[in-house]
Amino acid sequence: MTETELKPSAAEIPSEHIIDINGVVKRFGDNAILDGIDLSVSKGEVVVLIGPSGCGKSTLLRCLNGLEPIQGGTITLHGEPVIHGEKSLYKIRQKIGMVFQSYDLFPHLTVLKNITLSPIKVQKRDKAEAERQAMELLARVGLADKAKSYPSELSGGQKQRVAICRSLIMDPEIMLLDEITAALDPEMVHEVLNVVLDLAKSGTTMMIVTHEMAFAQAVADRIVFLDGGSIIEQDTPDEFFRHPKTERAERFLKTFTYTK
Amino acid sequence: MGNNFLRLLSGLWVTVRISLISIAFSLVLGTLLGAVMTSRNRVVKVLCRVYLEIVRIMPQLVWLFIVFFGVTRLTGANFGGETSAVIVFTIWGAAEMGDLVRGTFEAIPRHQFESSLSLGLTKPQMYISIIFPQALRNLLPNVINLATRMIKTTALVSIIGVTEVLKVGKQIIDANRFEFPNAAIWVYAAIFFMYFLICFPLSMISRAIVKKQQRSEGE
């Protein structure tokens, strides 16, 4: 599939920013993990963050959700500031869906309850209505028959698809996917990435951290290359993968091809 | 004979009373202690650790002597045998319980907290719906195990003059030594069954919980 099929959204709606990141600095001790990041994500856009391990891409996603305090700069979701430790964060987080690398389903709840917990508890939605939507989402990711199963009865790929449903049911404005296939066996990576590709096509705004370069190329409207806590380069996937402009990006991309 | 059985039962009641009160105190204090033990503060951590190790290293018997004789000696405060027993078993039970609570909470993966929060749950909602249910399921079998250990260890309190079930048994054996030289085996058998009747249901509950847990975890 070509990239033009996938990305009408970014071209059509360039203006409305979902997330604005301005000069974000994140330090652990003296170590600057993020060193002045500026980035905006528009509605319907799929931004893929790539870069070497430890470049700060996962940390950036965690900061966007207020899981990590930041030491400088601002993050706003639709103009509302995301501030670690603030009460307002609970409201904002409902609009940000996040899926992690580790299987983070709640082991003591069935698949269905995992998904309906937050709409019922947080959004105070009707239980029957939440369950109906949960079943629709499960059907969409091909897991309708697993609604009554417990997470331990699922494969890694199935767990991640459930985790995606669990975020989607909150009807988030943006989905943050943090290396969601990194812990999966290779044969399960595909089923999860297909779901994400499907979301991208339907216009879900996403920020994705991944090491799957082919997937990044297929799903992204924009590739953002991070290294050493800074954005080194950003471009359309076609441009970035074919003609990286910086030497660092070129070197990074070379590590994915084995040459003798 | 009928009288002796009643005597044993009244001894058993002393055992149960000391155990239940100590266990109840231990559950409450131990849970609080466990919460304190998960603190990141170094000093708090070390203090809790020292308390736990001292309680573990010293035999309960020594603690009974310290509280029953030593404290009176030092401060003049005079605790009865049963009170001393409850104090000692609470000190011990709370320490063990605290360590169980600490271990259980620390064993819950960090991403369980993070994914709860990122779904928009408030901290109280997170603890009530996600963390406590998981903790409780892991904790219960261990707590029941601790409770049965405490019940069995209360036999020591006869040393400080509390007539619990084992002591009553000894008295019965001694009183009938010449008429019924073989009484010991029957009396001890009766005591064995009494302990069994108290502890076995607890073990069964614990086993049922573990089983249910394994089913939902699909192991």
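In chain A, A:Leu77 sits across from A:Glu80 of S5(A). This is a predicted model. S4(A) and S5(A) are antiparallel partners, joined by 2 bridges. Their hairpin leaves 2 residues between the strands. There, A:His78 adopts a positive phi near 50 degrees.

Strands of a sheet pair through backbone hydrogen bonds, in either a parallel or an antiparallel sense.

## Pairings of S1

Strand S1 spans residues 17–28 of chain A and pairs with S2(A) in the antiparallel sense. That pairing has 9 bridges. Within it, A:Val24 faces A:Ile37 of S2(A).

S1(A) also runs antiparallel to strand S4 (residues 72–77) of chain A, through 5 bridges. Here A:Asp20 is opposite A:Thr76 in S4(A).

## A buried loop residue

Away from these pairings, consider A:Gln94. This residue is in the loop that links helix H4 (89–93) to strand S6 (96–99) of chain A. Is A:Gln94 buried or exposed? Its relative accessible area is 17%, which is under the 20% cut-off, so A:Gln94 counts as buried.

Leaving aside residues up to four places away in sequence, A:Gln94 touches A:Val122, A:Gln123, A:Met170 and A:Pro172, as well as B:Gly120 of chain B.

Terms used:
Residues numbered from 1 in each chain as written. Chains lettered and ligands numbered in written order. Predicted model: local features only at pLDDT ≥ 70, side-chain atom pairs only at ≥ 80, totals over all residues. Heavy atoms only, no water. Pairing = 2+ DSSP bridges. Helix = DSSP H or I, 4+ residues; strand = E, 2+ residues; numbered from the N terminus. Buried < 20%, exposed > 50% of the residue type's maximum accessible area, 1.4 Å probe, protein only. Contact = heavy atoms within 4.5 Å.
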